[in-house]
Amino acid sequence: MMERKIRVFLAKPGLDGHDRGVLIVGQALRDAGMEVIYSGLKQTPETIVEASLQEDVNVLGLSILSGAHMALIPRITELLSGQGADDLLVIAGGVIPDDDAEVLVRDYGVARVFGPGTGTADIVRYIQEKKARR
Amino acid sequence: MSESTVELYRRLLDGDRRAAARLITMVENADPAAREVLKSLHRHSGNAHIVGLTGSPGSGKSTIACRLAQHYRGRDASVGIICVDPTSPFTGGALLGDRVRMQELSADPDVFIRSMGSRGALGGLSVATNDVINVLDAFGKDYIIVETVGAGQVEIEVVKFSHTCVVVTMPGGGDEIQAIKAGILEIADIFVVNKADREGAMRTVADLEMMIETGPGRDEREWKTPVLTTVALEEGGMAELASVADDHWRFLRETGRLAEKTISRMKAEVVEILNLRVASAAVDLLESEGGRALLNRLADREIDPHSAAEEVLEELLGRDGGKDRPGINP
């Protein structure tokens with residue numbers, strides 16, 4: 001009778017103007033059987049972390065197009081760490097240059113950065129593989 | 001309870017919202033460990049005013065939930081909001097976007113918002129939603145707003161687990177008013193015509209008022225279902241909605257209806273749980289070796305489905321038909 005769903009929070013921190021991309025990812029995840037929570041544009045790190053905890057998500061996906069990723073993402077992962085949310089899988093996408101992506105993964109708790117042009121199937125597969133045990 | 005679930009139980013009662021969130025996940029996943037915690041939490045619940053919000057998609061339920069919560073926060077009360085959205089029956093997934101309409105609440109630590117997918121299973125949704133309500137109640141929430149799409153039978157069931165049921169519509173829905181008739185008229189305590197700045201609002205109000213007048217007879221001691229107008233996005237009419245919801249709560253308590261309602265809610269809850277558990281036990285039985293033999297007899301038309309069901313029931317209740325079981329005396 002146990003039915004585990006993978007719950008993913010797709011968040012838009014900062015001042016991005018549109019969410020077309022993240023919603024396409026959201027639909028792909030939904031079509032793969034996941035529960036996708038979306039809270040709209042212009043979210044702050046604090047509200048993103050709070051929502052992640054209340055919704056008890058397995059994955060936090062951060063979508064940033066504005067270029068502010070090096071300010072926003074470390075702040076978010078720092079807040080998550082402070083709350084003891086270490087089992088949360090944090091991934092990112094949007095407009096993030098490769099060398100920044102490397103730093104985010106190496107130093108700031110991001111598991112993987114999906115650059116522009118990533119196929120949604122790759123994101124789905126990655127999440128399913130990482131969260132297979134949960 | 002295992003050590004970790006005792007820990008979860010204690011942390012929840014201490015006000016740890018991560019414990020609440022974790023327990024809700026276990027409830028949604030039908031984790032048997034959750035059941036033990038729920039049993040212990042029961043005596044800590046029963047304090048919250050549970051407001052159910054239903055209505056067709058796009059009518060503004062989430063915005064209304066947000067504004068109502070803001071009113072309650074203005075009284076320094078704490079609020080829980082449960083948003084139920086449909087799960088795709090084909091993929092099993094869901095896009096849960098009600099938080100988009102609740103931006104003003106996202107920075108408030110005393111508002112707990114949980115998005116739930118309906119997850120397909122008919123009885124399962126009612127049980128899970130009710131369990132989540134009980135978790136938030138025991139967690140100390142003064143108000144719990146449960147928001148669902150009133151499109152299907154299941155969502156209507158969920159609203160039965162609330163004290164005050166608010167049905168939301170919009171102007172211009174002629175067909176919608178007809179569709180509303182099926183079951184919702186009986187359960188609505190408050191009708192709201194939202195987006196009332198649109199054309200046709202007053203006609204919609206009049207149509208609803210007529211439906212209520214010509215609907216199931218009510219005497220003066222009963223609650224008279226009002227039809228309110230709101231423009232939730234701009235706060236219009238929201239103070240009145242909060243006030244009328246309060247009136248309903250007061251009505252329930254002063255007339256003793258709350259006690260009656262609690263009993264019928266509890267009964268409905270137990271029946272839903274039994275539906276799930278008995279069906280599950282029956283399916284297990286049918287999938288056993290003996291069950292397969294029964295199914296073969298059915299396929300060969302040696303026995304009919306009703307008789308087969310009776311055999312399963314006898315097996316589940318024990319060969320004596322359960323007559324000698326202690327505890328329940330029919």
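A salt bridge here is a side-chain nitrogen of Lys or Arg within 4 Å of a carboxyl oxygen of Asp or Glu. By that rule, Glu55(A) pairs up with Arg114(B), with 4.0 Å between the closest N and O atoms. That pair belongs to a predicted model, where local features need pLDDT of at least 70 and side-chain atom pairs count only at pLDDT 80 or more, while totals for chains, interfaces and linings use all residues. Residues are numbered from 1 along each chain as its sequence is written, chains are lettered from A and ligands numbered from 1 in the order in which they are written, and side-chain values use heavy atoms, with hydrogens and water left out.

Now for the interface as a whole. Chain A puts 33 residues in contact (heavy atoms within 4.5 Å) with 30 residues of chain B. Together the two chains bury about 2800 Å², 47% of it on carbon and sulfur atoms; buried area is the accessible area, taken with a 1.4 Å probe, that two parts lose on being put together, summed over both. The salt-bridge rule picks out 7 such bridges across the interface of chain A and chain B. Polar contacts are pairs of N or O atoms within 3.5 Å; within protein, one must be able to donate a hydrogen and the other to accept it, and residues adjacent in sequence count only if both atoms are side-chain atoms. Across the interface, 22 residue pairs are in polar contact, both residues being at pLDDT 80 or more.

On the chain A side, α1 (20-31), β2 (35-38) and α2 (45-54) each supply at least two of the residues touching chain B. Helices (H or I, at least four residues) and strands (E, at least two) are DSSP runs, numbered from the N terminus. The largest share, 5 residues, comes from α2(A).

The chains also meet strand to strand: β2(A) runs parallel to β3 (residues 94-96) of chain B, joined by 3 bridges. Strands count as paired if DSSP finds at least two bridges between them. Glu35(A) sits opposite Ala94(B) of β3(B).

Chain B has an open sheet of 7 strands with parallel pairing, in the order β4-β2-β5-β1-β6-β7-β8. At its edges are β4 (111-117) and β8 (227-229) of chain B, each pairing on one side only. Within this sheet, β6 (residues 164-169) and β7 (residues 190-193) of chain B run parallel and share 4 bridges, with Val168(B) partnered by Val192(B) in β7(B).
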